Amino acid sequence: MAQTMRRSSSISLFATDGKPHPLQDTLVAVAVVLGVIAFVSAMFHDLHLLSSWAGLLGILTGAYGQFISATTRERFLLILGLGASSIGFFLGMAHGGLFGGVLG
């Protein structure tokens, strides 16, 4: 039986539909980097300003990236970045918050 050959769609890490998505790829990278920064800095009590602000920016970036994402791979990495950002944000808020000790 003759079948049509399909191109391998796993060439790119982000674009599974064969089209470039530069804005979405940038948002994925920013959300993941901010998530890692927020998560790692949340492990240190004195870095609550960094972890809470990086977490908040990572949550906002990841949410907008989810809104405009085009492929499943982008959504998967955005969810990882959102999760790490939210953990870092919440732990940063528990350790002192966005302005803890700076204002007031």
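Start with the inside of helix α1: its buried residues (under 20% relative accessible area, with a 1.4 Å probe and protein chains only) are Gln 24, Leu 27, Val 28, Ala 31, Leu 34, Gly 35, Ala 38 and Ser 41. This is a predicted model, where local features need pLDDT of at least 70, side-chain atom pairs count only at pLDDT 80 or more, and totals for chains, interfaces and linings use all residues. Residues are numbered from 1 along each chain as its sequence is written, and side-chain values use heavy atoms, with hydrogens and water left out.

Helices here are DSSP runs of H or I, at least four residues, numbered from the N terminus. The cover over the buried part of α1 includes α2 (48–68) and α3 (72–95), where contact means heavy atoms within 4.5 Å.

How are α1 and α2 arranged? Their axes, lines fitted to C-alpha atoms over the stretch in contact, lie 8 Å apart at an angle of about 155 degrees, on a scale from 0 to 180 degrees between N-to-C directions. That makes α1 roughly antiparallel to α2, a label for angles over 145 degrees.

Among the residues that meet are Leu 23 and Ile 37 in α1, and Leu 50 and Tyr 64 in α2. By class, this contact of α1 with α2 has twelve nonpolar, eight polar and no charged residues. Nonpolar covers Ala, Val, Leu, Ile, Met, Phe, Trp, Tyr, Cys and Pro; charged covers Asp, Glu, Lys and Arg; the others, Gly among them, are polar.

Finally, buried residues of α2, including His 48 and Gly 65, pack against α1 and α3.

Notes: Buried means under 20% relative accessible area, exposed over 50%, partly exposed in between (1.4 Å probe, protein chains only). Helices (H or I, at least four residues) and strands (E, at least two) are DSSP runs, numbered from the N terminus. Angles under 35 degrees count as roughly parallel, over 145 as roughly antiparallel, 65 to 115 as roughly perpendicular and the rest as oblique.
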